[in-house]
Amino acid sequence: MAAAASLGAASTAVSKEVKIEIGSFDGLRSWNSVGLSRRRVDFHSVYSSTSRTNSLIRAVSTPVKQETETKRSKVEIIKQHSNFIRYPLNEELLTDTPNINESAIQLIKFHGSYQQYNRDERGGRSYSFMLRTKNPCGKVPNKLYLTMDDLADQFGIGTLRLTTRQTFQLHGVLKKNLKTVMSSIIHSMGSTLGACGDLNRNVLAPAAPFARKDYQFAQQTADNIAALLTPQSGFYYDMWVDGEKIMSAEPPEVVKARNDNSHGTNFPDSPEPIYGTQFLPRKFKIAVTVPTDNSVDLLTNDIGVVVITDADGEPQGFNLYVGGGMGRTHRLETTFPRLAEPLGYVTKEDILYAVKAIVVTQRENGRRDDRKYSRMKYLISSWGIEKFRSVVEQYYGKKFDPSRELPEWEFKSYLGWHEQGDGGLFCGLHVDSGRVGGKMKATLREIIEKYNLDVRLTPNQNIILCGIRKAWKHPITTALAQAGLLQPKYVDPLNLTAMACPAFPLCPLAITEAERGIPDILKRVRAVFEKVGLKYNESVVIRATGCPNGCARPYMAEVGFVGDGPNSYQIWLGGTPNQTSIARTFMNKVKIHDLEKVLEPLFYYWKRKRQSKESFGDFTNRVGFEMLQEWVNKWDGVVATRPTYNLRLFTDKDTYEKMDELAKLQNKTAHQLAMEVIRNYAAAQQNEKGE
């Protein structure tokens, strides 16, 4: 066995070379340029029967057992000696210090927490902990939401954060309060188990609570996959609720799939039948969705799962995609973001076995010597998809069928009011960078508590209020508007699709600002739009991260800002609005005050040279970076033309001059400020009418 076998644990493994060569990014472009929607894979059709399905397939043999000694990273050693993620964290939590040691820092991630300190402070470190919940499909019961809201005030920094993986993050929890906070979450139908660490993270699925068979089947499948890959050794409950296991009953198909060892996937008689003592080489991410709905950024995940239905809408099986991932390291070209690619099709009865086989393939063969290369995307890049598929099929016990044809993908935000299909309504609310605080937080709590609503969190850092009666729509709309939670038609289109990671002040990896910096970036982009003549309702997908790890998925954005120095960013271009094309690095070390020098010529020529309905991302890919760079280098600015709007907006010179004076204080034009005032007034009037 690759890594775990050196510990003496019983396992099986596929014969392989000890040293894995990391391929270059060039080798991926043929796949990335193809896109998802039209890709088909040819398989050789072969037939026989198996015990798990009546479909005609060929059984394949269990992998050959081989034990190999390999170099392991420091984290692998820590996991080995941890007694299944307990020691020394259990001892460190009992000390009087405000922080924990390095080994405990690595282990507490598996419990859903990171140690942090406030990087804005000077002269010392004020340690605290960030907790991340695990909410498959983004489902948050009413009781859990109210508990998280309370905990944020009592033990956090007074805000909740909605993440890009449909979970909460609670910042600022002191070490002495960790057990109180964790046990409160557990007793309120929540969990943080596996929200961080080297194991399966939160499983994404469309957040919309539609009463449709395909959506409900996707969400149930996400729940089942999350349950299948949840740790079983009890370390989480031992630590936070003194061994009390507060778990709902698992579906029998989940238990059966987890315990099945007919193809050498499990560690016999181990407290962790799938993970063993070493768990996975790195974090592992899975998303489930239905055709056309790419609200989950499907191709950025280690495994993408797509529900396939028959003509009557009845779920039949799934297309599988593998090898996506965003993280990379600056100035190290052997690290790169990557899109997932097709693996094949499985029937609905076999999905848990197929997912388990993929996870085990990564467990046995992913690199454990260098964590920079430990994600499954590097294994697939090194092996190629055909070899990877062949090894997975040995753990799966059969061949994959050819992938089914799919329609084009769309990004769906589910903002605004929608029919659920069961007589109720849901309301999707845009939350800038997912940060819920102040009046917004108080109003959301009041509404959720008063109407006893469950909520859903979206992969775009937004929140959905579910199960709303039609009679409640007017009072809820009014209350939301008064708290600044406007309907999407009153929110700047640039804000609706933007995302940012927390970055400063609490993330230890941040190089520059993201969440705190993106509001100003979006205002400046809007100003550039107006300057070059783009309409207000036009938009581009903008995402910002404070470091190259890519937590807000900037490498899928039409314009991605990736922190690469103090107050400077790499600029990535070439993602598309439906998140099926990966961006590329356009410029490095662009200082924050120089953004207009880059963005003005790009948006100016997009406005003038684009094809009909061509998105900015598609435009940059068609024109090519060489031409884009030439435009930036030769840019002399927009040719000034006499504005015509002043005659319409201002009745006299005195009013214009006063507005212009106020606008300059906010680094805006008189026109921009006047339009903001008018829009805000109109929005307030409309919301008072309940629209």
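Trainee: Which residue stands opposite Ala500 in S16?
Mentor: Ala500 stands opposite Ala544 in S16, and please keep in mind as we go through this structure that the model is a predicted one.

Trainee: How many bridges join S15 to S16, and do they run parallel or antiparallel?
Mentor: Two bridges join S15 to strand S16, which covers residues 542-545, and the two strands run parallel.

Trainee: What sheet do they belong to, and in what order do the strands come?
Mentor: They belong to an open sheet of five strands, in the order S15-S16-S17-S18-S19, and its pairing is mixed. The edge strands are S15, at residues 499-500, and S19, at residues 584-591, since each of them pairs on one side only.

Trainee: Which helix lies across S18 and S19?
Mentor: That is helix H19, residues 625-633, which lies across strand S18 (568-573) and S19, and runs at about 25 degrees to S19.

Trainee: Switching to helix pairs, at what angle do H16 and H17 pack?
Mentor: Helix H16 (residues 518-532) and helix H17 (residues 595-609) pack at an angle of about 45 degrees, and their axes are 9 Å apart. That angle makes H16 oblique to H17, and the crossing of the two helices is right-handed.

Trainee: Which residues meet there?
Mentor: On the H16 side they include Ile521, Val525, Val528 and Phe529, and among the residues they meet in H17 are Leu595, Leu599, Phe603 and Trp606.

Trainee: Now H12, is it enclosed or open, and why?
Mentor: Nine of the 12 residues of H12 are buried, so this helix is largely enclosed by the rest of the structure. Among the buried ones are Ile385, Phe388, Val391 and Val392, and also Arg389 and Glu393.

Trainee: How far apart are the end C-alpha atoms of H12?
Mentor: They are 16 Å apart, which agrees with the 16 Å that the 12 residues at 385-396 should span at 1.5 Å a residue. H12 is followed by Gly397, whose phi is positive, near 90 degrees.

Trainee: Last one, which way do the residues of S6 point?
Mentor: In a regular strand the side chains alternate between the two faces of the sheet. In S6 (residues 286-289), Ile286 and Val288 point one way while Ala287 and Thr289 point the other way, and all of them are buried. Four bridges join S6 to strand S7 (residues 303-309), with the two strands running parallel, and Val288 stands opposite Val305 in S7.

How values were computed. Residues are numbered from 1 along each chain as its sequence is written. This is a predicted model: local features need pLDDT of at least 70, side-chain atom pairs count only at pLDDT 80 or more; totals for chains, interfaces and linings use all residues. Side-chain values use heavy atoms; hydrogens and water are left out. The expected span of a helix is 1.5 Å times one less than its number of residues. Buried means under 20% relative accessible area, exposed over 50%, partly exposed in between (1.4 Å probe, protein chains only). Two strands pair if DSSP finds at least two bridges between them. Axes are lines fitted to C-alpha atoms, for helices over the stretch in contact, and angles run from 0 to 180 degrees between N-to-C directions. Angles under 35 degrees count as roughly parallel, over 145 as roughly antiparallel, 65 to 115 as roughly perpendicular and the rest as oblique. A crossing is left-handed if the near helix is turned anticlockwise from the far one by less than a right angle, and right-handed if clockwise. Contact means heavy atoms within 4.5 Å.
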